[in-house]
Amino acid sequence: MTPPQACYTCRYRRIQCDQAARPCGKCKKAGVECLDKRPVRWVKGISIRGKRKGLSLSNSDAGPSTGSAIIPFVVRPRPSASAIDHVSKIAPLPMPFELGDPSVACLDSTSKYYLSYYEDCICSLFIVYDSSSNPFRKLLSLALSDTTLMKAALALAARHRANLGYSFQRYDEERPPTHLNVHQDALGYKHRAIKAISNALNDPVLCSQDSTVASVFLLIFLDLLESGSDRWNFHLEGAKKLIGFSQHQAHEPGETVKLIRDFINSQIYLIETLGATFVRPNLLTDSNPLDQARVVCKETEAVERSFLGCPDYLLIAIRCISLSRDSIHDPFDQETLEYHKYNVASVVQMVTEFDCWAWAVNLPQSDRTKENAINDLCMLAASYKLGAQIYGQRVLDTLCHTNTSITDLLTRLIQSIEALCASDNLLKCALWPICIAGLECHQARERDFLIQSLEQFWDKTKCINVINAAKILQAHWQRSGRQAQNSSPWVIDIGLSGRDWLLI
């Protein structure tokens, strides 16, 4: 009798197979496909040779394919009919990995598709400029050896893919796409990702791993794709606590892990800084155990490793203004009030003196720093500068019980947003300035333009928080038309809407 052999999956993962059954216990526990033999390579079309060479599953009856879509062609195990049908309808993208990589070979065909979708679409979505140093793409190197992070990445990809079935204007009237399984895929991957993270949080070893922090970090972006409210702050606080655990690891991280760790730290600082402007006072905790001087990216670092491209100088200023805004709800004496007035006025003045052109010019030189790219980055920085000036002035007005005219600032901010609308990359970084402009504008023409900008933003990102941003602005405009002039300023009202919005 021939003794049972270790499965191909365990051999490639370099672990001892229990050889108990198919799937074996090790593969079943890891949530990967248990393969008997090495899969055949991926090829263009559904056949390597003959009359069907070059044809895809979706056009095999229509004649030779002129596209370059790559279809998984696997001899063993044979994909189910539903899996083949599902993948063929989505029109797969080229895989960025070698099939010989064990972690990729162990994935089913649908997961392989979403992994490719993540590499092709998600990595370029949540970054200013895509490049070989894109931290979201480098996360895949961790995901290949960590099933929890892999599930989080697949959940992100599946949700974005599902959002393609919706429109900006009629989102509330539409049902999930019925001709594809993408909506069910998104819910399924999210469920598995959250379950895997929950299990990791109960394990002292897994809890301190960088891959677990990265998994929770990706859930923040998943919330942007789903709604942008009520869950992102829990993920943010959880990631900050996990970072504190991982910092106590004795071993020195490798270069890739260090890059990912620095990126996550700095982007968490950015998210909580901009996120705090539109939520309840004191909703988010202080950055500890994150060190502000360490987590903020150095101005000399490449903009390719930034989520939104907001200059760090302005982030620090916005954070200072928010701290004074939150203090409005706390009882304090006249001396403390005067301190906050002086503090906000000083910060607003420093923001006013910030040189956007010098910031853009002094960024590290690369292929994208041609003159037009420098102009674009200067305009992006200007939109955050003007937004910070308006935000700071309104907080100062609240402290001083004044109502300063910001017509000139608003006009320039709308002009900068208009310029960003012409950029292929940078409009997707400007939701926060757009919302600041929307909360201040009173002219119908300006409001119509901002809604059109948000629709263009949606077309580029498919983040549902953009649709909700439009609803928030429209509701604010309706209230401002009914309320008296002495009503509470928006810097106070926006955080008391009953929902905690992340409008970035």
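Modeller: Ser453 lies in helix α20, which covers residues 444-461, and the structure shown here is a predicted model.

Colleague: Why does Ser453 count as buried?

Modeller: The cut-off for buried is under 20% relative accessible area, and Ser453 has 1% relative accessibility, so Ser453 counts as buried.

Colleague: Which residues does Ser453 touch, not counting residues up to four places away in sequence?

Modeller: With those left out, Ser453 touches Ile417, Cys421, Leu427 and Ile434.

Colleague: How many helices and strands does the protein have, and what share of its residues count as buried?

Modeller: The protein has 22 helices and two strands, and 54% of its 504 residues count as buried.

Colleague: Let us turn to the helix pairs. What makes α7 and α8 roughly antiparallel to each other?

Modeller: Helix α7 (residues 147-163) and helix α8 (residues 182-201) pack at an angle of about 155°, with their axes 8 Å apart. Angles over 145 degrees count as roughly antiparallel, and α7 and α8 are therefore described in that way.

Colleague: Which residues meet where α7 packs against α8, and how do they divide by class?

Modeller: On the α7 side the contact includes Leu154, Ala158 and Arg161, while on the α8 side it includes Leu187, Tyr189 and Ile197. By class, this contact of α7 with α8 has twelve nonpolar, two polar and six charged residues.

Colleague: Why are α5 and α7 called roughly perpendicular to each other?

Modeller: Helix α5 (residues 109-125) and α7 pack at an angle of about 75°, with their axes 8 Å apart. The range from 65 to 115 degrees counts as roughly perpendicular, and α5 and α7 are therefore given that description.

Colleague: Which residues of α5 and α7 meet, and how do the residues of this contact divide by class?

Modeller: Among them are Tyr113, Tyr114, Tyr117 and Tyr118 in α5, and Met150, Leu154, Leu156 and Arg161 in α7. The residues of the contact of α5 with α7 divide into 13 nonpolar, two polar and one charged.

Colleague: What share of the contacts between residues at least 6 apart in sequence join residues at least 24 apart?

Modeller: Among such contacts in the protein, 72% join residues at least 24 apart.

Colleague: What does the accessible surface of the protein come to?

Modeller: The accessible surface comes to about 23,700 Å², and 51% of that belongs to carbon and sulfur atoms.

Note on methods:
Residues are numbered from 1 along each chain as its sequence is written. This is a predicted model: local features need pLDDT of at least 70, side-chain atom pairs count only at pLDDT 80 or more; totals for chains, interfaces and linings use all residues. Side-chain values use heavy atoms; hydrogens and water are left out. Axes are lines fitted to C-alpha atoms, for helices over the stretch in contact, and angles run from 0 to 180 degrees between N-to-C directions. Helices (H or I, at least four residues) and strands (E, at least two) are DSSP runs, numbered from the N terminus. Angles under 35 degrees count as roughly parallel, over 145 as roughly antiparallel, 65 to 115 as roughly perpendicular and the rest as oblique. Contact means heavy atoms within 4.5 Å. Ala, Val, Leu, Ile, Met, Phe, Trp, Tyr, Cys and Pro count as nonpolar, Asp, Glu, Lys and Arg as charged, and the others, Gly among them, as polar. Buried means under 20% relative accessible area, exposed over 50%, partly exposed in between (1.4 Å probe, protein chains only). Accessible areas come from the Shrake-Rupley method with a 1.4 Å probe; for residues, only the protein chains shown count as cover.
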